Amino acid sequence: MNPLSVLVGKAVRRASKLRGGGSALPGLVVERLDPGFMGRALTGLKHGVVVVSGTNGKTTTTKMVVELLEGQGLKVFTNRTGSNFTRGVAAALLGEVDWRGRLDADIAVLELDEAHAVHFVRLVPPRYSLLLNVLRDQLDRFGEIDATTRLLETIAAATTGAVILNREDPRVAGIAASIPTADVVYFGLDASLRSTFPNDDELRGAAGIAPASALRADVVLDQVDGNSAVFLLSGSTADPTADAAAGAAFESVHVDLRLRGVYNIFNAAAALATARAVLGAAVAKDALIASLAAVEPAFGRGESLVVDGRALELVLVKNPSGFRLGLKSFDPSGCATMIAINDNYADGRDMSWLWDVDFDSLGLDGVDVVSGVRAYDMALRLKYDDVPVRAVEPDLPAALKEFISGNADLPKRIFCTYTAMLAVRRDLSKITKVEVVS
Amino acid sequence: MPNGTAISKGTIRVLQLYPREMNIYGDWGNVLVLKQRLTWHGYTPEILEHNAGDPFPDDIDLIIGGGGQDSGQLVIQEDLQALAPTLRALAEDGFPMLLICGLYQLFGNFFRTHDGGVIPGIGVLDLETRGGEKRLIGNVVATSTEFGDIHGYENHSGQTFLGPGLAPLATVTKGEGNNAGDQHEGARYRNIVASYLHGSLLPKNPAIADFLIRTAVERKYGSFEPGVIDDSLAEAARRHAGARPR
């Protein structure tokens with residue numbers, strides 16, 4: 001025990017909150033002062049630690065898993081700021097531990113960036129890991145997506161209880177072969193939905209969708225219609241199979257979600273499979289489904305705000321598949337659209353990714369304002385898809401003002417990269433109610 | 001669209017090499033730029049794909065090839081070697097080609113990997129590549145007398161060295177380019193433009209796109225009549241890119 005480092009860390013956390021500063025600094029301080037802090041705080045939880053990683057959907061999926069488990073009566077610790085480096089976890093812990101560094105929780109559910117997760121699992125082997133997908137993203141950090149796959153393999157290998165894998169992503173499903181002892185649980189999609197969620201090989205140039213996986217999934221997303229979804233949960237008595245014809249082995253569950261976006265709905269299958277893995281036979285199914293239906297979007301991820309009496313939606317876009325699914329999830333007609341692209345470290349510096357997204361769906365209505373540090377790269381991208389752009393303004397506050405005043409009577413949607421999303425939220429908080437996430 | 005009613009000045013067939021394996025880092029952007037600029041210049045683009053095992057089409061006008069993961073390069077290796085004589089003959093004949101990153105390396109003599117293995121290239125370009133300890137990653141600005149400043153983004157672990165008779169595409173003023181030693185970026189041979197730069201390369205460097213288009217059209221139709229294209233967005237994107245940190 002090192003009460004001093006906990007107290008110092010808590011003091012830094014308070015000071016940096018007063019300053020309105022970053023969420024990770026106190027974590028960095030306590031990591032330096034007391035490298036064993038995190039491991040001690042997270043050891044001995046009744047249900048252990050769940051690590052959620054992968055390219056897309058980490059924040060929203062983590063939020064879902066947390067709320068599903070809370071709905072089952074568990075006390076859950078999580079890092080809900082989306083600060084998904086180990087120091088972000090340490091910072092979140094500082095807010096929750098007592099002065100001796102002890103955490104009062106049944107389970108920790110942690111979103112971790114792929115590279116940081118590898119560092120984290122060396123300190124704290126997770127009991128469960130949920131690995132969502134491997135898609136081209138931040139290649140300026142990871143080099144190649146095959147390298148990212150190897151990071152996820154390391155997380156899976158360190159997991160002691162069960163690894164929950166996306167059956168539809170061949171890079172993720174392939175990780176099963178390298179798992180020494182833990183159980184493997186899959187979540188998946190009905191064949192009719194697979195073209196909606198292309199894996200990285202299918203983004204461009206692939207001559208069609210690969211054959212359906214023969215792996216057995218614990219939870220399958222069967223149908224999606226707007227915000228409604230049907231999930232197939234494997235039965236408790238019979239073995240689940242991937243074959244829809246063996247429907248008797250599954251229980252079909254209809255859910256009306258508050259979450260928007262098809263990508264979130266697929267990740268709901270991942271969250272359900274994870275909660276079922278944690279609780280096993282003890283899971284209360286009706287409460288599980290009720291909790292899922294009640295989950296609100298995470299901040300900036302399809303989050304809906306109100307500006308001058310009109311809805312304004314923030315859709316975080318970080319990589320080609322996320323941007324594609326974002327465009328596919330939200331109908332542009334009758335809605336004003338803004339796109340804000342930054343190239344700070346957290347966004348990725350390479351603009352190549354914009355060229356792996358199709359913007360044809362915006363062609364009819366056009367884009368009202370393009371902004372961000374790389375506004376002109378984005379405007380150029382749209383020009384090559386024949387999408388009309390009404391204004392280009394790299395300065396975000398000025399662009400936001402123009403966007404809101406120029407479209408007073410319309411609902412609005414802003415597609416934004418990570419740091420652009422933070423800046424937009426900060427600016428919007430001056431004129432409307434924006435939930436503070438800390 | 002002004003081209004909707006105009007009579008096409010001719011058809012240009014663009015072949016994309018190995019789009020399945022060699023298409024990472026926005027290589028599609030280069031194909032799209034050729035396709036759209038051909039249209040805006042008044043020509044009709046046709047985009048064809050060549051994947052491993054496909055018969056190689058003989059009525060094409062322009063070749064474009066991109067980067068891939070190490071695993072992807074192994075998949076195409078055999079097919080590329082079989083095409084080597086055809087591609088060498090086309091190159092010597094002045095056929096326009098754009099080669100980015102992975103295929104730039106494989107059009108050279110060989111790639112000596114980090115652990116000492118040798119991946120043979122097809123020897124179209126007199127250059128060799130050695131696997132490096134550290135990846136060269138970041139924004140690049142390189143200058144060339146032919147195309148002016150070239151803006152892009154590099155992300156490669158192989159370090160490429162040009163043979164004595166082979167000219168670089170440009171001289172790096174920000175970033176590394178071919179390797180961490182000399183200031184060379186890319187290679188320029190007959191009507192081949194080869195480069196490590198993503199970004200994608202052609203959107204922000206329309207001069208290179210128009211060189212490839214002009215060459216393809218002149219070879220096929222004798223002369224090139226360009227259309228008028230407003231490149232002000234590309235100009236602005238270049239200014240902003242040039243001001244960004246490495």
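View 1. What covers the buried residues of α12(A) includes α10 (262-279), β11 (310-316) and β15 (412-416) of chain A, where helices (H or I, at least four residues) and strands (E, at least two) are DSSP runs numbered from the N terminus. This is a predicted model, in which local features need pLDDT of at least 70 and side-chain atom pairs count only at pLDDT 80 or more, while totals for chains, interfaces and linings use all residues. Residues are numbered from 1 along each chain as its sequence is written, and chains are lettered from A and ligands numbered from 1 in the order in which they are written. Eight of the 10 residues of α12(A) (320-329) are buried, so this helix is largely enclosed by the rest of the structure; a residue is buried if 20 or more other C-beta atoms, placed from the backbone, lie within 10 Å of its own. Among these buried residues are Pro320(A), Phe323(A), Arg324(A) and Leu327(A).

**View 2. The open sheet of chain B.** Six strands, in the order β2-β1-β3-β4-β12-β11, form an open sheet with mixed pairing, two strands being paired if DSSP finds at least two bridges between them. Because β2 (44-50) and β11 (187-189) of chain B stand at the edges with a single partner strand each, one side of each is left without a neighbour in the sheet. Within the sheet, β4 (97-100) and β12 (192-195) of chain B pair in the parallel sense over four bridges, and Leu98(B) stands opposite Val193(B) in β12(B).

**View 3. Packing of helices α1 and α5 of chain B.** Helix α1 (27-40) and helix α5 (206-221) of chain B pack at an angle of about 65°, with their axes 10 Å apart; axes are lines fitted to C-alpha atoms, for helices over the stretch in contact, and angles run from 0 to 180 degrees between N-to-C directions. Val33(B), Leu34(B), Arg37(B) and Leu38(B) in α1(B) meet Ala209(B), Asp210(B), Leu212(B) and Ile213(B) in α5(B), a contact meaning that C-beta atoms, placed from the backbone, lie within 7 Å.

**View 4. The interface between chains A and B.** In this view, 25 residues of chain A are in contact with 31 residues of chain B. On the side of chain A that touches chain B, α7 (139-142), α8 (145-158) and α13 (375-384) of chain A each supply at least two residues, and the largest share, six residues, comes from α13(A).

Methods:
Two residues are in contact if their C-beta atoms, placed from the backbone, lie within 7 Å. A residue is buried if 20 or more other C-beta atoms lie within 10 Å of its own, exposed if 12 or fewer, and partly exposed in between; C-beta atoms are placed from the backbone.
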